[in-house]
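Here is my notebook from a first look at this protein.

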Amino acid sequence: MSWRLKHEFEVAMTCEGCSGAVTRILNKMGDVKFEIDLPKKLVWIESDKDVDVLMTALQKSGKEVKYNGTK
């Protein structure tokens, strides 16, 4: 198994519906592991994919997305 970075994104999620939309988008990508912290509006993604690819996918949720770097 390759070592993968854990990327932290801030996503302007306000409800379960928002986090559900993010979950559906990330599940469609395949080969990503992720955690969502709705109260803190944070999404952590472990993936070999490029940050730009992850960012673009998250933006499909229609929410404002900010990349905080790797953790």
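**Entry 1: a serine to start with**

Is serine 19 buried or exposed? I looked it up: serine 19 is buried, with a relative accessible area of 8%. I use buried for under 20% relative accessible area, exposed for over 50% and partly exposed for in between, with a 1.4 Å probe and protein chains only. I found serine 19 in helix H1. I then listed its contacts, leaving aside neighbours within four places in sequence, and got Met13, Ile36 and Leu38. Contact here means heavy atoms within 4.5 Å.

**Entry 2: ground rules**

I noted that this is a predicted model, in which local features need pLDDT of at least 70, side-chain atom pairs count only at pLDDT 80 or more, and totals for chains, interfaces and linings use all residues. Residues are numbered from 1 along each chain as its sequence is written, and side-chain values use heavy atoms, with hydrogens and water left out.

**Entry 3: the whole protein**

I counted the elements next and found 2 helices and 4 strands. Read from the N terminus, their order is β-α-β-β-α-β. The radius of gyration is 11 Å, close to the 11 Å that the globule rule gives for 71 residues, so the protein is as compact as a globular protein of that length. For my own reference, the radius is taken over C-alpha atoms, and the rule is 2.2 Å times the number of residues to the power 0.38. Helices (H or I, at least four residues) and strands (E, at least two) are DSSP runs, numbered from the N terminus.

Of the 71 residues, 39% are buried. I checked how far along the chain the contacts reach: among those between residues at least 6 apart in sequence, 64% join residues at least 24 apart.

The accessible surface comes to about 4,400 Å², and 52% of that belongs to carbon and sulfur atoms. These areas come from the Shrake-Rupley method with a 1.4 Å probe, and for residues only the protein chains shown count as cover.

**Entry 4: one side of a helix**

Which residues of helix H2 are buried? In H2, which spans residues 51–59, I found Leu54, Met55, Ala57 and Leu58. They cover an arc of only 160° around the axis, which puts them on the same side of H2. The arc is that of the directions from the helix axis to the C-beta atoms. I reminded myself that an α-helix has 3.6 residues a turn, so residues three or four places apart point the same way.

What covers these buried residues of H2? My list includes strand S1 (5–11), helix H1 (16–29), strand S3 (42–47) and strand S4 (65–70).

Glycine 30 is in the loop between H1 and S2, and it is partly exposed at a relative accessible area of 29%. Its C-alpha lies 12 Å from that of alanine 57, a residue 27 places away in sequence.

Aspartate 31 sits in the loop between H1 and strand S2 (33–37). Aspartate 31 is exposed, with a relative accessible area of 55%. I noticed its positive phi of about 55°, although it is not a glycine. Not counting residues up to four places away in sequence, aspartate 31 touches Arg4, Glu46, Ser47 and Asp48. I also looked at aspartate 31 and leucine 54, 23 residues apart along the chain, and their C-alpha atoms are separated by 12 Å.

**Entry 5: other loops**

Lysine 41 has a positive phi of about 60° and is not a glycine. I placed lysine 41 in the loop between S2 and S3, where it counts as partly exposed at 33% relative accessibility.

Threonine 14 lies in the loop between S1 and H1 and is exposed, with a relative accessible area of 63%. How many Å apart are threonine 14 and arginine 4, C-alpha to C-alpha? I got 28 Å, for a pair 10 residues apart in sequence.

**Entry 6: strand S4**

My last stop was threonine 70 in strand S4. Threonine 70 counts as partly exposed at 43% relative accessibility. Leaving aside its neighbours within four places in sequence, threonine 70 is in contact with Leu5, Lys6 and His7. Its C-alpha is separated by 9.6 Å from that of glutamate 46, 24 residues away along the chain.
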